[in-house]
Amino acid sequence: MGFEFDNDFSFTDEPELQDVVERYRLMLRSNTPLYFDSHEFILLIDYHLHNREYTESLKIAEFGINQHPSSFDLKLKKAEILFRLKDYANALLLVKELENIEANSSYLSYFRGLIHSNLKQKREAAYYFQKAVLQAQDSNEAIDTLFQIAEHYQENNDLQTANFYLLEAHKIDPYDSEIIIELAQNFETYDLHQAVHYYNLYLNQHPFHSSAWFDIGVVYSRLENFEKALEAFDFAIALYENYLEAYFNKGNALANLGRYQEAIEAFEEYARLLNEENEDDDFELNEMLEVYCSIGECHERMGDLINALNYYEKALKIDPHYPDALYGVGIVCSLCNNLTDSLKYIRKAIELDPFNSEYHFSLGNVYRRMGKIDKALEAYRSATHIDPQDYESWVNIAQLYFEKNLLTKAIRTLEEAYENNPKVAIIEYRLAAFYFLRKNEADGINFLRKALIHDNSKYLEFFKIYPEGTENEEIQNLIAKYR
């Protein structure tokens, strides 16, 4: 179909091509026109295309068409070269001319679709791509065409459109594993549940594919289904015992499940394998930074602050400016009530990584404990600007306004938080309570109902702000309905 060249193939290994290239070079040196068969021009064009010499390829194509004005193949080659040179208008003119010769060519329709797509003419592109599929001689050609169209959209980072064509191919052959894995990988960017579905389809056919188990584990982690993620990483490791990335991700899954000692063991196994893998090379200690901080955080969560500090300092010995390690030391200082040092280390981390919302959130917590409310508000606001889904920072801002008797500001803050986090129950419970304090019972009931639907276990958050609600029959009946 054109456009595809094997970079490992040496054209000059072909005796016929050697002869043609020499004759062509002789012609250029002597400035004397020579005759070449049309297939010899094709050889010359492909030789120069292989070397990405598009301008020279175009000159040869035009010279060839001059000698063979009725050659379909040479005109098609010229159109392809023009496409590579991004001269889409002239490429399209040639394709239209060729369509008059071969009206039912699936490849010409596909090629025309590519041109329209690159001209940002979406409807025309879709029309000719569909026409190319309908013109395919059999199901295999139809699948190949759909796959090539999908690849075009993948190259342009339009993965949803790519998946549209892959799904069409999947309908034709539901068991084509190459299509299934492409679907899974594309869906990772915008629909994680669909990604899981297609990874599972692939694993049903290839149950011993360790990388596929690893990939589905990563998707489960992103879905915060850490039990399933852990199971997938264990399968990956069972199939390939030295699977470095699987051990690291297993550690993260275990840590998210609160199984910190097991997480430490997984991280330590990762570190051991990393050392083994690099024992004969100049080992880059920087690769240990993340794992040292991960182990440190596990010790921190277990309350073992001495070992936590020890691992953060191990990371800082490798790189004194590693922000996660500085932040970790700052958190340990905070837990030890050494707020001055905590502030110093967290601020250092922010200087090195100013767009990490977690750092700003923790800075706000330290300022809050120090009684520096304005600075706390500023830090929390920075966190929400970086990550509007950081609902904890929104809630803390609203709480600080509430404590300062600035109820209107507290409500406005949570209304803004709700716009960015429409299904977070704690925002809805707090907002419902604030509305009741403002005597706006209709909105209060509305948000209380939403909160109960999203998470009926956290209803006490409502009573923290509005304890009078325990005496309100309508509120009690609503809570009883959803509990």
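Student: Which residues form a nonpolar patch on the surface?
Tutor: F208, L239 and Y240 do, with about 350 Å² of accessible area together. A patch takes residues with over 30% relative accessible area and no salt bridge (a Lys or Arg side-chain nitrogen within 4 Å of an Asp or Glu carboxyl oxygen); nonpolar side chains are joined within 5 Å and like charges within 9 Å. Areas are Shrake-Rupley values with a 1.4 Å probe. This is a predicted model, where local features need pLDDT of at least 70, side-chain atom pairs count only at pLDDT 80 or more, and totals for chains, interfaces and linings use all residues. Residues are numbered from 1 along each chain, and side-chain values use heavy atoms, without hydrogens and water.

Student: Where is F208, and is F208 buried or exposed?
Tutor: F208 is in the loop between α11 (192-205) and α12 (210-222). F208 counts as exposed because its relative accessibility is 70%, and exposed means over 50%, buried under 20%, partly exposed in between.

Student: New topic: which residues lie nearest the centre of the largest pocket?
Tutor: E297, E300, R301, Y327 and E358, out of 30 lining residues. A pocket here is an open set of points on a 1 Å grid, with protein on both sides within 12 Å along at least five of seven lines, and lining residues have an atom within 4 Å of a point.

Student: Which helix gives the most to the lining?
Tutor: α16, with seven residues.

Student: And where is E358?
Tutor: E358 is in helix α20, and at 42% relative accessibility E358 counts as partly exposed.

Definitions and conventions. On a 1 Å grid over the protein atoms alone, a cavity is a set of points where a 1.4 Å probe fits but cannot get out, and a pocket is an open set with protein on both sides within 12 Å along at least five of seven lines; lining residues have an atom within 4 Å of a point. Helices (H or I, at least four residues) and strands (E, at least two) are DSSP runs, numbered from the N terminus. Buried means under 20% relative accessible area, exposed over 50%, partly exposed in between (1.4 Å probe, protein chains only).
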